[in-house]
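Dear colleague,

Please find below the structure that I am handing over to you, followed by an account of what was found in it.

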Amino acid sequence: MTPEPIPFLSFSPQHNAIRQEALEALARVYDKNWFILGDALKAFEDAYAAFCGTSRCVGVGNGYDALVVALKICGIGKGDEIIVPANTYVATWHAAAQTGAILRPVEPNPVTFNIDPQQIEQHITSKTKAILPVHLYGQACNMTAIMALARKYNLMVVEDNAQAHGATWAGQRTGSFGHANATSFYPTKNLGALGDGGAVTTSDETKAALARQFRNYGFESKHVCAEKGINSRLDELQAAVLSVKLKYLTQWNEERRGLAESYLEKLRGVGDLMLPATSAEANHVYHLFVIRTARRDKLKEALAKEGIETMVHYPIPPHLQQAYAEYGFKKGDFPLTERVADTVLSLPLWPGMRDEQVARTSEVIRNFFVN
Ligand SMILES: Cc1ncc(COP(=O)(O)O)c(C=O)c1O
């Protein structure tokens, strides 16, 4: 009998468990007939700010817009320089570039894959205005070091927390360190909407007010437009369902962690595998469980043959994308980032995944390295 295929992720266990509650929340919006900038958004914004440990949250249309708004309210614009991770999803770079600023990429720490704080300082110039750390795969960057650099050079910090809802650094939640922070509620994220969604979190009331204005065409009051804002609002239906899901996020993150620990235990010492490493300070929420091996493509193929779906986050680093041709970057400019892109493989992991699915995936991997 062929074993049951293992998808990369499944929404079913999460969504089945909260089906009634989510549908009731959606029905309340449906019956109220108020779909944009209403009570459901306000309730979610308050709850998500409290979760992150900030005083304010401003819901926007997606994670990209959240980054654009966060950078805007921090005063970043044309001619400024932003320190960005070389190793990130291209959306981070796109949002930073959209401000008109120049991007200064920095290589990752070889163990965490996150931006290496020790290499940031050498890229700071008189034009540097901000650092944009990304908590990649669900693991917090070293925020102690990053905030210290920001204080030393008087820089803004905007966290990209799209992949790390609920993660902590030294006991503090990500999305609460920077002057303004961005997140995405893309469906596959640890806290995912039923469509697009995002938010800016900050404890600066003035910045929050600016974000609220900027996401809604720049209106400071009805019919009075202070600036050329954008239209990017988290809608009531998404906010309502996100409020329900937020109540389960900690439990779902615990499940992710349990599954990750099971993978770690089963895969330790296998072949040339490099497994995700955590530290005492970083509480990983395993948005993705990412391993590294020099035989990545062959391993991916072997898993696919057994019906096990994997993904690569991300095969082409931003600096080698055509979109950034203007910088003249070439292969070899960010060797560690390029090595990560060539060797990473994300294994199946989702809340509700069964331990025997982790066991079978691990067994196929172990057998691959034996042969
Ligand atoms: C690190 C990171 N930044 C930004 C984004 C952009 O978010 P969105 O797809 O909601 O625009 C994503 C997710 O897609 C992401 O993973």
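Is K189 buried or exposed? In this predicted model, K189 is buried, because its relative accessible area is 14% and buried means under 20%. The residue deserves a place at the head of this message because the UniProt record, an unreviewed entry, annotates K189 as "modified residue: N6-(pyridoxal phosphate)lysine". K189 sits in the loop that runs between β8 (181–184) and β9. Apart from neighbours within four places in sequence, K189 is in contact with A162, H165, S184, R256 and H287.

Next, helix α7. This helix spans residues 205–214, and its buried residues are K207, A208, A211, Q213 and F214. The elements that cover them include β1 (56–60), α4 (63–73), β5 (156–157), β9 (198–202) and β10 (219–221).

Four strands form an open sheet in the order β3-β2-β4-β5, with parallel pairing. Its edge strands are β3 (102–106) and β5, each of which pairs on one side only. Five bridges join β2 (residues 81–85) to β3 in the parallel sense, and E81 stands opposite I102 of β3.

Finally, the salt bridges, of which the whole structure contains 16. One of them joins the side chains of R354 and E4, at 3.1 Å from N to O. R354 lies in the loop between β14 (344–347) and α12 (355–370), while E4 belongs to the segment before α1 (12–17), so this pair ties together parts that are 350 residues apart in sequence. R354 is partly exposed, with a relative accessible area of 35%, and E4 is also partly exposed, at 47%.

A second salt bridge is formed by R215 and E45, whose closest N and O atoms are 2.8 Å apart. It links the loop between α7 and β10, where R215 lies, with helix α3 (residues 39–52), which holds E45, across 170 residues. Both R215 and E45 are buried.

A further salt bridge brings together the side chains of R104 and E81 (3.3 Å, N to O). R104 is in strand β3 and E81 in strand β2, 23 residues apart. R104 counts as partly exposed at 30% relative accessibility, whereas E81 is buried at 5%.

With kind regards

Technical notes. Residues numbered from 1 in each chain as written. Predicted model: local features only at pLDDT ≥ 70, side-chain atom pairs only at ≥ 80, totals over all residues. Heavy atoms only, no water. Buried < 20%, exposed > 50% of the residue type's maximum accessible area, 1.4 Å probe, protein only. Helix = DSSP H or I, 4+ residues; strand = E, 2+ residues; numbered from the N terminus. Contact = heavy atoms within 4.5 Å. Pairing = 2+ DSSP bridges. Salt bridge = Lys/Arg side-chain N within 4 Å of Asp/Glu carboxyl O.
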